[in-house]
Amino acid sequence: MDAVAAFLGREKKKIEHDIINKFSDYLNRTYEKQSYLKTVVFQNEKRLLKDLYIPLTVLNSSTNESVKIDSYPKKLLPIHDKVLLVDTAGMGKSTISRFIFLKAVEGNCGVPVFLELRQLKAGLTVLDLMYDEINGIKDIFDKELLLHLIEKGDFIFIFDGFDEIPLKEREFATQHLQDFISKVPNNKFLITSRQDNALTAFADFQRFVIRPLRQVEAYDLLRKYDGKNGETAEALIAKLEEYHKDTLKSFLVNPLLVSLLFKAYDFKPTLPLRADNFYRQVYEALFENHDLSKGGSFIRQKRSGLNIDDFARVLRAMAMKTVVLGKVQYTTDELLLYIKEAKERCVGLSFSESDFIKDIIQNVPLFVQDGLDIRWNHKSFQEYFAAMFIAVDAKGSAESMLKKLVNNKDQSRFVNILELYYDIDPSTFQRALTKDLIQDFFDYTKSNAYAHRYLNIDREDIQIRRLMAFGRRYVFFSTFSIDSLAGEQIHNDPVRVHDCIREYCKENNMIEDGEIIGSSTHYPSGSGLVVLSKYNIAIMELLARRKHKIVVDMRSKIFRDKRFGNSPLSPNNVVNDAKHLLLTEDPGGYMNRGDNFEKVNIILVDNDRVRVALDVDACKKQLNEINEAMTREDIDNFFV
């Protein structure tokens with residue numbers, strides 16, 4: 001403290017007073033705020049997080065190291081200075097963030113700072129947000145002192161919801177976060193997000209995912225949500241025990257879907273078997289106002305006067321508009337404007353926009369008031385209604401809208417919409433997206449050079465390469481070439497390696513029309529790999545997650561005796577030290593010679609992000625099924 005006082009030229013006692021009192025006040029206020037959750041199950045009424053929390057486990061994406069988050073995770077943040085927690089909708093990223101903050105306060109583990117990244121925008125930095133949080137109503141904290149304390153370290157920055165940063169602010173926020181983190185390295189950092197291409201900016205972070213709930217954990221969570229006498233939870237669990245289909249079990253791994261299942265079942269004691277059924281049944285429960293906290297007879301009147309279907313029409317139009325803009329949080333004026341635009345689209349409806357806002361916060365609580373702003377209760381509700389807009393309101397434009405979402409350089413923002421649409425309207429999804437994917441695959445298999453015999457190359461290896469090269473091109477960088485491109489030794493710096501190899505592909509016009517940089521990999525050897533993906537590869541990856549019959553995991557096609565034991569392979573094993581090479585179909589290409597061919601296959605198949613491919617025979621059967629279904633659905637044939 002003497003050093004701080006001397007640096008600032010202030011009295012030691014005054015500084016101690018500021019730090020102790022202001023930070024204590026800040027931690028107490030924030031602890032109180034983060035201790036409560038607003039959930040759809042309880043109509044957005046506050047519930048203590050500790051009463052609903054099930055200890056979740058996170059897994060290191062590289063090492064598979066597991067850390068159970070049942071207290072402050074000393075095996076996570078103290079060991080790793082920078083942690084990136086990335087997972088899909090509803091897996092509990094924000095809940096874990098809040099829990100870690102609470103346990104950091106309780107255990108006096110440094111100075112935790114919890115910030116929601118959707119608040120970041122040009123002119124409003126991390127320091128601005130933090131400064132506003134620390135300042136009380138009367139006393140103003142010394143900003144110079146705050147800066148000095150952060151530079152000294154011992155802060156734990158918890159940045160929640162990177163994927164919820166408005167699209168127009170994404171570039172600023174990403175650059176600002178990079179700059180801030182690099183300038184105050186003596187602190188700990190946790191960023192949570194769904195998968196987003198912009199996350200490559202944080203390649204030096206240790207990436208973790210959330211382990212799916214086990215069945216016993218899902219049942220425990222159901223019991224926690226049933227705070228009455230437990231009868232609803234036990235009845236639901238009994239039905240789940242009787243039901244053995246994988247479709248329903250897949251929902252039990254996701255905490256949000258488990259809570260929605262409880263809400264849906266409490267409203268209507270049937271088991272919804274698809275994700276869209278979950279959301280519809282929950283929406284009906286919210287609209288019909290079966291308030292769990294007040295008994296099933298408690299009814300809130302709708303100020304807008306809309307019925308359940310017309311109310312959903314407005315929500316769908318508003319969701320589609322805002323999801324394209326990448327916004328989940330709005331000022332009241334912004335939200336009034338979006339509701340007005342939705343109202344104009346919904347011909348024949350008459351209601352007050354301000355009354356509609358009151359309804360979506362109080363009476364059909366899909367939104368929550370967050371200070372002066374209003375946001376969706378959960379981003380996945382916005383995506384559900386957007387998907388429903390395409391299916392119900394887009395008239396004859398559904399197929400073209402789906403293709404626009406896929407053929408978008410920022411397609412990662414729309415993956416969950418496509419996942420939901422897959423359940424809502426599978427026939428249109430098949431016609432619009434799966435059929436095009438298969439047709440492109442067949443065109444590729446007829447024309448590519450891998451159809452020809454390579455000298456001294458095993459036929460199975462040729463077939464593997466042929467499948468792995470569909471829709472993706474690969475650029476290999478040796479350790480030497482990365483340092484050469486940078487003009488200095490950077491191969492041990494993951495952030496700079498990712499930036500270097502991705503920028504090289506952009507600056508040298510390696511990205512063709514209809515392609516994006518799908519992913520990049522930094523290997524422990526210091527070498528690198530960039531994947532240039534066609535837009536429709538996102539559909540193949542979606543179908544892989546759904547375990548669709550046309551998609552195959554290529555690891556199953558390579559036997560252990562062909563994988564060089566446990567010796568890890570990297571681009572260094574197949575690229576000359578002085579070169580960075582684009583993998584081509586040229587039989588005479590350097591990486592297609594001799595044992596290099598098989599090594600390249602191993603490197604690709606061992607890469608988690610690219611190891612899935614299409615099965616030729618299954619694709620033929622699927623295409624026939626789609627064409628037959630289209631014939632049956634033809635209106636003229638129907639009337640004949």
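A122 touches E169 and F172, leaving aside residues up to four places away in sequence. The model is predicted. In it, A122 sits in the loop between β6 (111-116) and α5 (126-134).

**A122 and its contacts**
- A122 has a relative accessibility of 54% and counts as exposed, because the cut-off for exposed is over 50%.
- Contacts of A122 beyond its sequence neighbours include E169 and F172.
- The C-alpha atom of A122 is 9.7 Å from that of R170, and the two residues are 48 residues apart along the chain.

**Non-glycine residues with positive phi**
- N108 is not a glycine, yet its phi is positive, near 55°.
- N108 belongs to the loop between α4 (93-106) and β6.
- The relative accessible area of N108 is 67%, so N108 is exposed.
- K547, also not a glycine, has a positive phi of about 55°.
- The loop that holds K547 runs between α23 (537-545) and β16 (551-553).
- K547 has a relative accessible area of 74% and is therefore exposed.

**Helix α15**
- Helix α15 covers residues 353-363, and eight of its 11 residues are buried, so the helix is largely enclosed by the rest of the structure.
- The buried residues of α15 are E353, D355, F356, I357, D359, I360, I361 and N363.
- Helices that the buried residues of α15 pack against are α12 (275-288), α13 (308-325) and α14 (332-345).
- Strands β11 (367-370) and β12 (373-376) also pack against the buried residues of α15.

**T445 in helix α19**
- T445 is part of helix α19, which spans residues 426-447.
- With a relative accessible area of 13%, T445 is buried, because the cut-off for buried is under 20%.
- A polar atom of the T445 side chain lies 2.9 Å from the backbone oxygen of F442.
- An α-helix has 3.6 residues a turn, so residues three or four places apart point the same way.

Definitions and conventions: Residues are numbered from 1 along each chain as its sequence is written. This is a predicted model: local features need pLDDT of at least 70, side-chain atom pairs count only at pLDDT 80 or more; totals for chains, interfaces and linings use all residues. Side-chain values use heavy atoms; hydrogens and water are left out. Helices (H or I, at least four residues) and strands (E, at least two) are DSSP runs, numbered from the N terminus. Buried means under 20% relative accessible area, exposed over 50%, partly exposed in between (1.4 Å probe, protein chains only). Contact means heavy atoms within 4.5 Å. A polar contact is a pair of N or O atoms within 3.5 Å; within protein, one must be able to donate a hydrogen and the other to accept it, and residues adjacent in sequence count only if both atoms are side-chain atoms.
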